[in-house]
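Hi everyone, thanks for coming. I'd like to walk you through one structure today, so please have a look at the screen while I talk.

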Amino acid sequence: MRKITLLIILLSFAGWGQITDADSLINSPWKTSGKFNFIFNQSSFTNWTAGGESNLSGTALVNYDINYSKGLWHWDTKLLAAYGLIKIKDDTFEKKTDDRIEIYSIVGKKGEGNWYISSFFNFKTQLTIGYKYSKNSEGETIRTEFTDFLSPAILSSGPGFQWKKNANFNFNLAPATSRVTLVNKRFTATRENYFGVKQGETSRYELGFTGSGYLKFEAAENITVEQILHLFSNYLDNFQNVDVDYSLNIGLKINKYLDTSIMGQLIYDDNAFAGLQIREIFGLGVNFLF
């Protein structure tokens with residue numbers, strides 16, 4: 001039931017976008033655009049001597065932009081929501097391939113040239129329970145809850161300076177960023193360090209420097225490349241350890257409704273994991289633009 005509800009939420013983003021566009025005025029300072037994408041992968045093997053395991057996977061992604069521009073002011077907001085599952089034939093459990101929800105919003109007042117005085121807000125979390133998988137003494141796969149909705153949830157905000165050529169090419173520097181990590185107490189009850197939050201606590205405050213960049217362009221006809229980068233360094237603890245969150249999305253358009261999608265994400269955050277986290281998805285996508 002929870003997964004069905006999640007799918008309804010993702011689809012409602014698409015419906016909301018279509019209604020908003022239909023009712024908007026041509027000369028309104030508000031502009032909205034978005035994309036609902038479903039990527040499907042399937043492999044099947046029967047008596048295949050070279051080996052292989054049948055599997056089925058799918059990922060739903062909503063990428064929605066709300067932009068305001070009037071006079072010296074602009075306000076840009078991006079909403080991202082994604083959820084993906086894979087089921088391998090002989091595995092006990094289906095496993096997630098993607099699970100995230102993110103809101104990034106920045107308001108700016110124009111200064112000299114392409115520079116703006118800015119202030120940003122960023123919120124990140126996931127939608128459903130995340131598990132760690134292992135084997136028991138009998139060799140059976142078992143799973144243990146490790147993350148959940150709002151655990152962790154990361155909220156960042158701060159004033160700064162933005163350089164903006166246009167909606168598809170900009171970066172923001174925020175030297176006085178406040179970042180709060182929120183977690184459920186049940187995850188810190190027995191852990192000394194859980195995403196940087198100490199045992200028995202439910203939050204962690206950080207003050208640091210944030211750098212964010214966005215670049216979207218057409219590499220060739222019907223090939224779109226989108227890159228998103230977030231950097232954060234904590235003044236209060238290990239300033240030299242820079243958190244990195246980089247996403248690359250490539251769309252190869254086949255027609256109005258179909259494209260091939262390549263999505264990759266690289267994360268470094270030593271509070272979550274002492275090493276690089278890498279995720280890559282490739283598949284045929286069904287698109288709804290609004």
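Predicted model: local features only at pLDDT ≥ 70, side-chain atom pairs only at ≥ 80, totals over all residues.

Now to the barrel. Twelve strands close into it, in the order S1-S2-S3-S4-S5-S8-S9-S12-S13-S14-S15-S16, and their pairing is antiparallel. On average, neighbouring strands of this sheet are turned by 20° against each other, ignoring direction. As a quick reminder, strands of a sheet pair through backbone hydrogen bonds, either parallel or antiparallel.

Let's take S1 and see who sits beside it. On one side, S1, residues 30-43, pairs with S2, residues 55-70, in the antiparallel sense over 14 bridges. Two examples from that pairing: Phe40 has Gly58 in S2 as its bridge partner, and Ser43 is bridged to Asn55 of S2. How many bridges join S1 to S16? Six, and these two strands run antiparallel; S16 covers residues 273-289. Here Asn37 has Asn287 in S16 as its bridge partner.

Next, the empty space. Rolling a probe the size of a water molecule over the atoms shows where empty space is left. Searching the whole structure turns up one cavity of 30 Å³ or more. The largest cavity has a volume of about 50 Å³. Which residues line the largest cavity? They are Pro152, Ile154, Arg179, Thr181, Phe195, Glu206, Asp269 and Asn271. By type, the lining divides into three nonpolar, two polar and three charged residues.

Asn234 is found in strand S13, residues 223-234. Is Asn234 buried or exposed? Its relative accessibility is 5%, and buried means under 20%, so Asn234 counts as buried. The side chain of Asn234 also has a polar atom 3.0 Å from the backbone nitrogen of Leu236.

My last stop is Ser151, in the loop between strand S7 (141-147) and strand S8 (153-166). Ser151 has a relative accessible area of 1%, so by that cut-off Ser151 is buried too. What lies 2.9 Å from a polar atom of the Ser151 side chain? That is the backbone nitrogen of Asn184.

How values were computed. Residues numbered from 1 in each chain as written. Heavy atoms only, no water. Pairing = 2+ DSSP bridges. Helix = DSSP H or I, 4+ residues; strand = E, 2+ residues; numbered from the N terminus. Axes fitted to C-alpha atoms, helices over the stretch in contact; angles between N-to-C directions. 1 Å grid on protein atoms, 1.4 Å probe; cavity = no way out; pocket = protein on both sides within 12 Å on 5 of 7 lines; lining within 4 Å. Points joined across faces, edges and corners; volume = space filled by probe spheres on them. Nonpolar A, V, L, I, M, F, W, Y, C, P; charged D, E, K, R; others polar. Buried < 20%, exposed > 50% of the residue type's maximum accessible area, 1.4 Å probe, protein only. Polar contact = N/O pair within 3.5 Å; in protein donor to acceptor, adjacent residues only side chain to side chain.
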